Structures are given as C-alpha cells and as structure tokens.
Amino acid sequence: MTYLFTSESVSEGHPDKLCDMISDAILDECLSIDPGARVAVETMVKGTDSSSYIFIGGEVTISSNEEIRYEEVARKTASSIGYDDHSVGMDATSGELCEVVVRITQQSPDISQGVDQGKGLHLEQGAGDQGLMFGYASNETESFPELVGSFMPLPAALAQRLTSKMSTSMKDGSLSWARPDSKSQVTIEYDDEGIPSKVDTVVIAIQHDDIAGEKFGGSEDEEHDYIFSEVLDKVIKPVIPSTLMKEDTKIIINGTGRFVRGGPHADAGLTGRKIIVDTYGGMGRHGGGAFSGKDPSKVDRSAAYASRWAAKHVVASGMAERCEIQLAYAIGVSEPVSVFVNTLDTGTVDDQILSERVQKAFDFRPQAIIDALNLRSPIYSVTASGGHFGRNPGADGEFSWELLQEDILKSLQG
C-alpha cells in the first residue's frame, strides 16, 4: 500500500526566517567578542504601508566591554537577504523607513549559576534549561547521487534545496524578477516497503516584481505563465532528481495567481516559528525548543545537534535504516535524565543494545557536546536558513554535527 508524506521549507526572506537570520547573526556577533557569551535573542519584524520595524529583545551576557552592534547587525542581515527597498516589503538600509528597537538585558543569575562550572548545586556545567530534544536520520536520500551523505527524509531535503535555489537564483540574477520571500512544499509517494517512488506534488510560492505591469501589458495570466516556466526550468528541474519526476507529478506555482506583496509588509515575522522547517519536515519528532538566537549552553540547540549527530552515525554505520534519538535534561544538571534510541523496527540489533553502544560512543553532557562539536565559534548565521541538518560541513566549522567519524561508526557496529 502506497502512502504520501509532505514537508515544507521557507526561504531566508520569509518573515519568520528573516528573524531567525537576525537572531543568529547577533549570536555570532556576541561569540566573536566572547566565545563564552550567554545569548538568548528574539527578533520580530513587521512592515506597514509607510514603514517597517525590527524589534530585538532578550538576554545577553558577555565578559567584555566591547559594544554589541545590534542595530547594525540587524540592518546588514536584512539588506543582505534583499530587503533594501520598501517596495519589496522592507528597506532595512533606511533609518527613516525602518526603525530598529533593541531591548536587551543580562541573563538571570539564578539561571547562570546552574550553567557555570563550579557554581550551583552541580559543579559541572549543567543544562541551560529543562527539556527534551530529538535527533533523526534516514537512509532514504542515499539512493540519489545529488543527496548522498545527507541522511535526511527525502521530502524535507528536497523542500530545503528548492527554497535555497530560489534565494540564490534571485541574488545571482537567474530569476531577475524574484523578491526575497518564498516557500516550497514537496510530497513524496512511498511504496509499500516505505521506499520513495516518485514526487507526487511540488508546491512553490515565490514573491515577484509586478511583471504583469512591466512586461505583459497588465495581463496577470501571462505573468503567471512566465513565472511558472521560469521556476520549472531554473529551480525545480535542477533540484528534483529526474528519476522522481513522473508524467503525473503535480506542480503548483503561486497558487493564488500572483505574489507581489510579501516579506514583513505582508506578514509579521518572529524568531523560532519554523522549528519543523528547521529540522526534519515532520518526519522525525521535535522536542519543541527553537534554535536560532541561542548560544550552545542552551540544550534546545546543542543537544538537538548532538542527537542528530548520534542518529546519523547509527544510520551511516548500517545499524539501522532509520533512527530517532531523544535526549532529556534538567536545568543545572549535566547528565541527561534520559536517552532513548528508537530504530523504528529497522535496526540490525535490539534497540536496547544499540542504546548502550550509543551512550558509550557519545558524551551527551552539555560541555562535552560543546567541545566535541566546537560550538563556541560564530558558526550559526549560515544555519538559520536552509535547515540545520543534512548539509555539508563548512570549512569554518559550520555543521560539525554532520561530520561522520570512522571510530564512532566502528564502535556502533560492535
């Protein structure tokens, strides 16, 4: 019996992702000044007919007198995405057209004493909060040369690549009419053995210039036909493996007809509202905590990375076709209160045996995670858009949780 599964993604110009981008850019600014900075920054954006607003709030503690350039970082980030003209949804370069409001305090001393080594009830660095985190990996992308090494659910991997392609095509001029705000959605048909058989549906929403007025004498039908053809040829075909595209694959582009008004003008944005987009597209579970704007002492982020790192090793080692790992923590306590390994009936050994191997191979204490993955570096801006998982590790240490280590792979094989 076949079934369908759908995942979505949003581009860096989506209002929520814009906020994630700003929050992580501020985090990187803080870590560049002080690698031990404690950061929890939230951003909200909203535009009106006459102006736009960026609101930055949260808690930041650094051991330096150097000034953090909140407003400058926010404006630079938004304008680099393409929000440099009010007609597209925001002009972040203009102090008259875009106001930046900053409300930042220091981290609560009651929290910090539970996180600092040598303080609080437990002398080791404890978790920055209670909570639960999930990591997930699957081998279903490994059948496609374009996706080898990602170990991700196929719908999520393709949706992320579509939005990234739209953003780069806007910036390099391939889609000269495109504006920053876009979304994608991919539905995969799986056969009765759970193997992807085809792309059932691709949905694209892409913000654009008023092409009808500029190029087609006001005809919105001709405008839509032109955008459909451009997106199909320059975004969908280069990204979706040709073996998955069938004659009956459905393609929907700008389903309302047109998408001129977008960005913060059309929709308010807020940090942390795209947690499923950030992770596994709904295929794997999510503990609920967002990532962007949080330094790695917050296990919402660091333990989610660590659990993905461990799950990816399980699948890459051949010990399971799919693997989900849950970690849970208590604030101020270093050791996780629980570790749960679930191979969803695809494991080559009993899950309990595999769990023992995982806990021997990986140290899930917060400080150990930070050290193993080098998470005190300013590596986070690039993670804020395009998904936090399934991406190639960068030369500057980005996506260290995607690196596979041969010794760990062997230890999991027993």
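Visitor: Is phenylalanine 291 buried or exposed?
Guide: Happy to start there, keeping in mind that this model is predicted. Buried means under 20% relative accessible area. Phenylalanine 291 has a relative accessible area of 3%, so this residue is buried.

Visitor: What kind of aromatic pair do phenylalanine 291 and tyrosine 305 form?
Guide: Good one to look at on screen! The structure holds 13 aromatic pairs. In this one, the ring centres of phenylalanine 291 and tyrosine 305 lie 5.7 Å apart. Their planes meet at 70 degrees, and planes over 60 degrees apart count as edge-to-face, so the pair is edge-to-face.

Visitor: How many residues apart are phenylalanine 291 and tyrosine 305?
Guide: Phenylalanine 291 sits in the loop between α8 (275-278) and α9 (299-316). Tyrosine 305, buried at 0% relative accessibility, belongs to helix α9. The pair thus links distant parts of the chain, 14 residues apart.

Visitor: Which strand does β7 run antiparallel to?
Guide: Let's follow β7, residues 131-138, where six of the eight residues are buried. Glycine 135 stands opposite isoleucine 325 in β12. Eight bridges join β7 to its antiparallel partner, residues 322-329, which is strand β12.

Visitor: About how much accessible area do Met44, Phe55 and Leu270 have together?
Guide: Phenylalanine 55 is found in strand β3, residues 52-61. With a relative accessible area of 34%, phenylalanine 55 is partly exposed. Along with Met44 and Leu270, Phe55 forms a nonpolar patch on the surface, and together their accessible area is about 230 Å².

Key
Residues numbered from 1 in each chain as written. Predicted model: local features only at pLDDT ≥ 70, side-chain atom pairs only at ≥ 80, totals over all residues. Heavy atoms only, no water. Patch = residues over 30% accessible without salt bridge, like charges linked within 9 Å, V, L, I, M, F, W, Y side chains within 5 Å. Areas by Shrake-Rupley, 256 points an atom, 1.4 Å probe, with all protein chains shown as cover. Salt bridge = Lys/Arg side-chain N within 4 Å of Asp/Glu carboxyl O. Helix = DSSP H or I, 4+ residues; strand = E, 2+ residues; numbered from the N terminus. Buried < 20%, exposed > 50% of the residue type's maximum accessible area, 1.4 Å probe, protein only. Phe/Tyr/Trp six-rings, centres within 6.5 Å; stacked < 30°, edge-to-face > 60°. Pairing = 2+ DSSP bridges.
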